[in-house]
Structures are given as C-alpha cells and as structure tokens.
Amino acid sequence: MDGSTLVSPSAEVIAPQRPARPFSPWLEAWRRFRRHRLALASTVVLLLMILAIALGPFVWKVAINDIDFAARMQTPSWSHPLGTDDLGQDLLARMLYGGRISLAVGLSAMFVAMTLGTVIGATAGMSRGWVGPALIWLTDLFLSLPALPLLQLVIYLFRDSLKAAFGLEGGVFVMIVVVIGGLRWMPVARLVRAQFLSLREKEFVEAARALGASKLRQVVRHILPNALGPVLVAATIDVAAAIIAESTLSFLGLGFPPDIPTWGRILYDAKDYLDIAPHWALFPGAAIFLTVLTINFIGDGLRDALDPRKVM
Amino acid sequence: MGRYLLRRLLIAIPSLLGISVILFTVLALAPGDPFGELATNPAVPPEVREALRVKFGLDDPIAIRYFRWIAAMVHGDWGFSFASRIDVDTLILQRLPATLFVIGSAQLLALLIAIPVGVLAARKPYSIFDQISSTLAFVGFSLPTFFTGLLFILVFSVQLDWLPFVYRDVYETGWRWYWENFRQAIMPICVLGLFQAASMTRYVRSAVLDVIRLDYVTTARAKGLGERVVIVKHVVRNALIPVVTLVALQMPAIFGGAIVTEQIFRIPGIGSLLISAILANDTPVIMAVTFVFACLVVLFNLIADVLYGWLDPRITLG
Amino acid sequence: MHEQAPDEQALRGLIADVRTGKLSRRTFINRMIALGLTAPLATQMLVYSGVAHAQATPSDYKPTKRGGGGPLKTLWWQGATLLNPHFAVGTKDQDGCRIFYEPLASWDPDGALYPVLAAEIPDLENGGLSKDGKSVTWKLKQGVQWHDGKPFTAADVVFNWEYAKDPGTAATTIGSYSGIKVEKVDDHTVRVLFDKPTPFWADAFVGVRGMIIPKHLYADYTGGKSRDAPANLKPVGTGPYRFVDFKPGDMVRGELNPNYHMPNRPHFDTIEMKGGGDAISAARAVLQTGEFDYAWNLQVEDELLLRLEKGGKGRTDMSPGGNIEHIQLNSTDPWTEVEGERSSLKTKHPTLSDKAVREALALLVDRQSVQDHIYGRTGIATGNFVNNPQKFVSKNTKWEFNIDKANKILDDGGWKRGADGIREKDGKKLKFVYQTSINTPRQKNQAIVKQACQKAGIDVELKSVTASVFFSSDVANPDTYPHFYCDIQMYTTTMTQPDPETFLLQFVSWEVATKENKWQGRNITRWTSKEADDAFKASQAELDPVKRAAYLIKINDLACNDHAVIPVVYRPRVQAINNKLQARGSGWDSDFWNLQDWYKDA
C-alpha cells in the first residue's frame, strides 16, 4: 500500500514514561505492548493500510474497471501511480478496492481458523474421556477431505441461500471466510492439543489444580497463554494463506466475481507478465508481505504483553 | 504402551470407515459429471453418455454405490477409472515414484532448513540473524508457489538456461539417469521446500522460544551446564513436540503430492493425478487417493501421539 | 436459395471450367477463396461434380532414409488419458492414439482428403463414389502390417464398424458408425452404404474418428467386454511409431516402426507426448527455451505468444477451423420456474425478448478490441456463427461496435434511464447476469462487454463457473451451460468436421435443451424459428452441394441477424513449433494428421 511507505517505523515509538499510575492488568499489558517498538510500528502501519483502503477510493477517484487500451501495462506515473495492467486499468484504484476484500478476508478467515483451532485443540487436549478422540477424529476427517470437491459442493448447496441472506458480495464474503477458516483450523487444533497434552502435566498447572482452580481457569489463566506461540505463528501464516486462497477460490467460481480485483487475483493475473511488467506483480506481492509482517509483529507484541513472566 | 497402541489401531478402523462414508458422500453429492466432456462434443449422441452412466453404475443410489466400493476395497480392488478406463491402483502406482522423490525431498529440505535456522533464531531473538531469517520467512510464505515457481523458471530456465522446467521420464541410462533426474527435480524441490521451510522456521523458532524461557532451562543454565548441552538436551527435546506435530501433519502430503508445484513443473505426481481426476469428475480415482491419504493422516497422528509420550514421559494418553 | 442464384451460377461455371481443363484445380480453389468459397466441402463439390479428387498437396518430405532424426518431443498441456481411439474423449486422447493408429484418410489443412491407409481417395471417376450418393467404396493400401506383423485387411475395417456401432461398447465414435452399413468387397476393398443420399460422406474411417484398431486383438473384446482389452493400454496399430510406454494423463512414448508402409518414414527414432501443466508454459518450452519441439492448442493471449516468439527457438502456427467464441442471449426467462425448470420454453425473457435490447447488446460487444487486445491472431472478430469452411460463410451479416447507436436504439425502444442510471421500461430493468467458464481471456472479454454496457445504461453482473462444472452434463447442477440459468453466457462451440450440418443443430427447435431431455439438446439459446427449421430439413435432403450450402448459410443468417447469438471471434487452432521442425497442423483433424511426414532440418 502506498500509505505504508510514509511511515518510518522507528520514528513513531517514543514510549512516554509515566512514573505513577494505578495498576491494572490491561494497562500493564498496554504498557508492555507499547514498549515493543516493532509491534507498535506495525500497528501504525496496519492502521494506515486500513485507513488507505477505507478512505483511498474517496480520494483516488479513478474507476477500477476503466479499460484504456492506449495505456496498457504502463509503469508507475503521475496519472497511474502504481501503473496499469494489461487492459490499461489503474492499479492503484484496483489495489485500494481489492485491499478491502483481501484484508477483510485474510483477517476474518484467520480469526475463524484460530478460534476454531484453539477451541477444538484445547478441548481435545484437556479431555480425558471420549470427547478428545472424537475431536481428533473430526480433525483427521477435515484433513483428509479433498478441498476442491468439497468447495464445489459448498458453493452448489449454499451459494444461492447465502446470496439471498447477505446480498451478492456479503454472501460471497461469508462463504469465503467460512470456507477458508473451516479448512485451515486443523493444524492449529493439532498444535494446540499437543501443547496442552504437555502443559497440563507441568508443575505450575498442577499447582493451580491443587489450589482448586476450575478447569476453565486452569486453561484460560495457565495453559493457554503458554500454548499461544504456535497459534500466533499460524495466525500470521494464515493471513497470507487466506489472501492467496481467496484468489484461488475465485478461479473455482467460488470467490468474488472475476472483475473484482483482490490482491491475490491481481498477483495471479500478473504472473504471466512478470518479465515485461514487473510492477504489476510487485505491488500486490508487497501488500500481502506487509500485511503478514505487521500481523506477525503485532502478534509478537501481544504475546509479550500478555505473558507475565516475560520481564521487559 | 503395547495395549495402548493396539487400542488406538482398533479405534482407527471404525474412524476410517466413518471418514470413508463422509468422503464418498461429499464426492457423490459434489456437482460434476465424469462424462461431461462428451456433452460438448456434438458428434457424441446422448445415448452413449447414458450407456456409460449405466455401465459405471452412476445412476444407482449413493448407499449402494458406497457398499459396492467398500466391498471391492476390502478385496483389494481399488476401482476403475472412468476417464482412463483402467484400474485405479495402476494409475496410482505409476505416479508414486515421482511424488515420493520430489515431495519427499522437498519436505526433507524444509526440515533441514527450518530446524537449525529456527533454533538459531530463537536462541538470540531479535538479533541480526533472527531479523534476516524472519524477513525471508515472511517473504517465503507471502508469495504463493504459483508465483515463485514462475520466478524460478524465468531465472534458471529462461535467463540462465541452466535447468529444464518440464519434468519428464528420463531414458538416459547409467549415471546420466541420476544426473538428469536430479537436475529436473532441483527447481520443484526448492520451490516447495523453501515455501514449507518458511512457515516451519517460524514454528520452530516459536517453539524453542517458548521453552527457552521456562524455568528448568534457566535452572539448567544456572547449574553451569554448557550452552550446547542445554540447547540440545533440554530445549530442543521439549520444543520438538510442536515440531513433531507439524511433521506428522506434513507427512501425508508426501503421498498426496503438491498440486500447484506439480502443475507448474509437470511432475507426474499424485497431486496432479488428483486434480485432473477432480476436474474430470473421475470419482473412483479421487476416492482412492483421498482414502489412502486419510489412512496416512490417521496413521501419522497416531505416530505423533506415541512420540509425544517418548519426548515428554509425563504425557499420558487415556 | 433463390437469392443465392448468381453465386450458384458462377460456381457451376467454374466447376465446368475445371472439368474441361480450362481452369486448374488450384486456381479454382484460389478463386473460391477470393469469392469466399473454399475448403473441404469445396473439394467435395468438385468430386460430386465429376472432377477427380486430386491427391492433397504432395508433401515436400526431404529425408532420404528412415530414422536418424533423434527424439521428437511434443507437449500437450492436457495429457492423453486413454489410447483406444474409439473411447477418445477429447482431442488429447485422439492425438495420443493417432501416434499408433491411422485412419483411411486424413483431412489436410485445406480440408482436402489425404490418403493414409487408403490406396486412393474415392471419387466419381475412380468409381469410389456412387452417382446416387448412397455408397462409397474405399480401396485399401496393400502390404500394410500391424506393429505385430499381422497384415492389415478389409476385415479390420469392417470390424471397426461393428465394434463402434455396438452401443454396449460405449464408443465415443458411435455417431460416425451407427447410421451406416459396411461390407467387405475383397481383401483390400470395403464399401460404406448409406440409407439416403449423403452429401457429407467422408466421416466413417476418416480423420480423428476414423482410426482403425486391429481385429485380431479386439475381436474378443466387443460390447460389454470392451474395457478389458489388453490392447486398450498397449496399442498395436499401423502408424509410423510403435508403442513403448504410457502413463495416463502424463505421457505417451513410441519408437520408430521399421516396417512402416510409407518409404523413408518416419524420420524420428522416438516420439514423446508429454502432458500436463498450462498452455503458457507449454508455449514457453517450445518458443523460448526449446526444451520441446511442438506444443499443442495454445489458448494463450496473443501478446504473450508474440513475446515468447522473440525467444527465437520456435514459431507459432495457426490452423483455421470453425471454432466460434460467441455470446448467447437467453430467449426464455431464467428467473421464473415453470414445472421445476427455469429457462423453460413456456416463458419469454422479460427484457431480452425485445429485439431492440438484443440489437443494442450486439452493438456493445467490442469485437475489434477483443481481437486486438486479447486474442490477436488467435481469435478473429466476426459477425457469423459459421466461419469455415469458406463455402459456408455468409456475406449477409455485419457487425459494429457503437455505443451511441446502442443508446439511440434503446432510447427509441422506450428504455429510459432510471435514477440509478440503469434503463428500464414498464418496471423491468436492464440488469443481466453474464456467465462464462473460468479462463483468463474470457474474464477479460467479460470486463470489456460489461464496461460498454455500463455506458449504455445496462447493468451486467459477471459470473464465472469453473470449467469442469460449466461444461458438464450434470442434470442436477444449475451452473452448466446447457441449463443456461442466466441471461447471457459465452463459450466456444467447437466445430469438429469441415461441414456445418451438426454444428447448426444449435438453432433448430427439436434440439432445445429442456428438463425433459435432461438438457442434452444442442439448442442452448432456446431460440427457435420455423424458417430455420425448414432450411435445416431442406439441407439434409439436398445432394447439390451449392444449394445445400445456401440452406445452411440461411440458418446462420437467421440466428445472427435476430441476435440469438452474438458471435465474437472465431478461433483457429494454435500450435508452437520448433524452428527446425517441419510440421503443419490441420484445423480439421488431429495435430498428428501427417505425423509420418514430420522431420527436422539438419
């Protein structure tokens, strides 16, 4: 995104010291988060990206589908700051428009996958009865399902009803988020379960158990914070994967209509012109990379902020 | 342990049956028609399509088709491909060597990169090495393989003219056979291996980072044990639990193939067999491949569980 | 047709000139090109008018000995999935089979017959064709051997007819064999008999559906047992290369046949047909890196091809055919369900049934830009549905891209712009759903049409369906093209024969795709016209090739001028060929139609 280049990551991070303050765990967390310079910078960059795609189209008023054969595959210029594609359509306008979808899909699908994966993995990891094996069976089932026929089935069964319920774009959005999230939670569930199996026997959990902490409290206060590492990694990977998966879905007719330029879609269209119009692929690629980068650092910052053992 | 294994294996049978029922139902309900291509050909009368549907029992109820399939499977008959009109096991066996070689090597490469890089990066978080490896990892999984594959082709095949990009059967003999097979596998192995390594490095780093801060590591250090011993004996062993989980997740893919990479380099792997079977709606092939895949998923999950117990004896599995 | 009379007169004159020798065959063909009248049926015109069927252009094959050419490496972006020509589903399978199997005759690029297993092409003079148009007698080449050494005879030819026409075999070639009778005259002569005079006789045993399999290996595997034949996987044919190895969907390999029936052929020692991947990288492997010698069916934007050609290793070659990328306008209402069926014949489309709307849409398709900026040499803008052979190409249609004119037609038709800028009349808005299969050029084409429609106050929603669903015959799936459950759709209809008769079934009323026939009818637009029906029936009974062509052209004109379809571009077949390789594609036959003549310059 263009907005991101304006930011100098180090310039923003001046942590003001306030010596006396009332203690609260959330404030404490916020203080710790602020101290994580990269995390703070990343938050600013991500917010700027969101701002750019939210407000950009009101500032940069070029239509996303204005075909101009005279201006095909032009490199960046004043009239087309990010250049044009092979139909002469303005890439800045398309990046701004597509960014809304790509970011929304990436973040929401990631949240769906993480939530599902964590809840299922945690439940399986804590359960000592039949629930654990059942959930692991479910995980194995989802891992085995071939995605393509499943997607075709989903689109075939639900597209029209979702379209009726949420409108054209809304319906597609819900479907994509559910589909991507619904097919990417399994590794997280397995990872979380493995962490839980190990952590639930550790001394500090036993101590909490001995002190009469409820199961929920054991999980939320003691085990989960220590199991979050792989979840946060998975989250950053899944944002990228979801943005790219969205473009794959549109090739299956499952995604947004073909004329909606999401980042993954622009990248895909650009790949065959890589040697004559590298700018076309550069911008969507960089946008996805920047999103991944910021999400990762924010994740790191969050973990450090929420992890009481970490001394900062 | 033995009893536990036996019990898990026994549970695996009904759970695989359950998975097979659901797979079969999804495939049967999914839209598409194995003889669709005939429909666009004006020279083929509709009766031929009808005859073929009847011949392959496509118009029978799903339940009957499922029982027919499972009964044949029990007898070792994997089914008959609609598209190629030959036995499915022949098809799969033809595709297996290339898949095992290319995808297997790629996974190995990913592990060989991810584990040392991840551990080194976690030892000194936010060091220059960590920053560089993290940035490369982010680039690695931000760029899809369809993109990096093409980039590799443009650089190494088109510009430099070093490597071929069409993976073919090699008929040279002797050492040339090994050399040609190796040469044509370099790019796909790298593209896939680096993509996998990128995400795996992040997992390894995070796993090691989690453990390195735990009390007993500090204790071990305080006891004056050498850094090397601490890392290898205490840190890596505990950090291996998520890594084992990841590897167990990845192993079935060595059989299942990698659709995009296989497509780009024309590797005759199981992934490309599966995708063309899906596009042609060749259900017996899809069913056989996914069912074997499901068996591997369940098997490796079981292996991972056993390994957890070995890595951390306190883990008990009910 | 009467309005065609002058052309008809002129043609008859020319044919007479050829007969008397005043005009050479070649000049005649060239003259017809100038008149817009040539190609395969044109040569058949000469045949029926009593002019000998010349051998197709003698090949300029240079090598003076068999073999020594090294390997021939060819690339198909979809690999052959089976090697029995009677089961072949797509051209990829037919091409794989054609390496090993041969027909009696092939179609050359000009649409002339080229004898392969036949000793000569039947015509009236050599007695091969009967005057009443009801039989064809083929003389077979003597001394031809199957790869296993057994002799090739008339019994093999007759057997192929019996094999393919048996519904139990479920041969995809059944359409070419079920309506005929084939009898053995002697060991090297067979006769094909028709029930009624048949103007287009060169179907059975010719081209891609005419490849002959050996009786001695298949006789025990007819009907229901056909799938068990070992030769299905290990073909034994008469072709220039013998079978070595086959992996379905991946590769086919062959080696030189030392007993091939044409002298000094083949040139190459081995042949490989590798499958998989995508069209662009296939073009790259031939044009840019030279890893392969030949690549098939490059459905790629011309711009990319032109750039790859700069690689200097190869060239692209176009073979004209009749495949037409076209837009269909639904005559029925896709949004109202009648007796469990949308797009039912019992309905009329609420807005597209107004001819003014259809006319405006036709004016809004910028065919020239689609050609210039998407297809280039690989898709030529056209106003006709039938674009080849030239004899059948109408001169009575025209097309233009004109947004102002479209706006005016809509204004005059009473379609007023509403507050949202979208035109409406009687509460019905000009909003259309426009679907096609997923394919980059098609999505660009959709974008171009959508933009022009916007400027004319028509709102278009684009929809794209994955090809494996769109082109399926799945009765339960509403997204297939025969269901046509939307207002507008676009795809390419392939023309597999150098004759438009079966092709034009798309505009007759008894072929409408409906729920009743499980959407297997070939008329997808649901456009019907009594005139078109009558013209079609008349053409089937007409033995005079000129009159017959006129009837078929009339059907094209009715459909195009009423805008039931908007033709966009017709698409020749495109292949990439190594600069040293001497090979030529044919738009009417397999890419390997003359594989035995392929060679490489030293």
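This dialogue explains how to read selected features of a predicted model.

Reader: What conventions apply to the model and its numbering?

Author: The model is predicted, so local features need pLDDT of at least 70 and side-chain atom pairs count only at pLDDT 80 or more, while totals for chains, interfaces and linings use all residues. Residues are numbered from 1 along each chain as its sequence is written, chains are lettered from A and ligands numbered from 1 in the order in which they are written, and side-chain values use heavy atoms, with hydrogens and water left out.

Reader: How many helices and strands does chain A have?

Author: Helices (H or I, at least four residues) and strands (E, at least two) are DSSP runs, numbered from the N terminus. Chain A has eleven helices and zero strands. Chain B has 13 helices and, again, zero strands.

Reader: What share of the residues in chain A is buried?

Author: A residue is buried under 20% relative accessible area, exposed over 50% and partly exposed in between, with a 1.4 Å probe and protein chains only. Of the 312 residues in chain A, 59% are buried. For chain B, buried residues amount to 56% of 318.

Reader: What share of the contacts in chain A joins residues at least 24 apart?

Author: Contact means heavy atoms within 4.5 Å. Taking contacts between residues at least 6 apart in sequence, 72% of those in chain A join residues at least 24 apart. The corresponding share in chain B is 71%.

Reader: Where does R100(A) lie, and which residues does it touch?

Author: R100(A) belongs to helix α3 of chain A, residues 91–126. With a relative accessible area of 37%, R100(A) is partly exposed. Apart from residues up to four places away in sequence, R100(A) touches I53(A), A54(A) and P57(A). R100(A) and W263(A) are 163 residues apart in sequence, yet their C-alpha atoms are 9.4 Å apart in space.

Reader: How is the span of helix α5 of chain B to be read?

Author: The expected span of a helix is 1.5 Å times one less than its number of residues. Helix α5 of chain B, residues 88–123, has 36 residues; from first C-alpha to last it reaches 49 Å, close to the expected 52 Å.

Reader: Where does the kink in α5(B) lie?

Author: The bend at a residue is the angle between axes fitted to the seven residues ending there and the seven starting there. In α5(B) a kink of about 35° lies at L96(B), shortly before the proline P97(B).

Reader: How is a pair of packed helices described?

Author: The description gives the angle between the two axes and the distance between them. Axes are lines fitted to C-alpha atoms, for helices over the stretch in contact, and angles run from 0 to 180 degrees between N-to-C directions. In chain C, the axes of α11 (residues 367–375) and α13 (residues 440–455) come within 11 Å and cross at roughly 145°.

Reader: Which residues of α11(C) and α13(C) meet?

Author: From α11(C), V370(C), I374(C) and Y375(C) meet P441(C), R442(C), K444(C), N445(C) and I448(C) of α13(C). These residues divide into five nonpolar, one polar and two charged. Here Ala, Val, Leu, Ile, Met, Phe, Trp, Tyr, Cys and Pro count as nonpolar, Asp, Glu, Lys and Arg as charged, and the others, Gly among them, as polar.

Reader: Is V370(C) buried or exposed?

Author: V370(C) is buried, at a relative accessible area of 0%. Neighbours within four places in sequence aside, V370(C) is in contact with Y375(C), N445(C), I448(C), V568(C) and V569(C). Its C-alpha atom is separated by 9.3 Å from that of V449(C), 79 residues apart along the chain.

Reader: Which residues does the buried T351(C) contact?

Author: T351(C) lies in the loop between β12 (324–329) and α10 (355–363) of chain C, and its relative accessible area is 3%. Beyond neighbours within four places in sequence, T351(C) is in contact with V357(C), W415(C), K428(C), K429(C), L430(C) and F432(C).

Reader: Which residues does a cis peptide bond join in chain C?

Author: One such bond joins R265(C) and P266(C), with omega about -5°. P266(C) is in the loop between β8 (251–256) and β9 (270–275). Another joins N388(C) and P389(C), with omega about -10°.

Reader: What is the phi of F484(C)?

Author: Phi of F484(C) is positive, about 50°, although the residue is not a glycine. F484(C) is buried at 0% relative accessibility. R526(C), also other than glycine, has a positive phi near 65°, and R526(C) is buried, with a relative accessible area of 2%.
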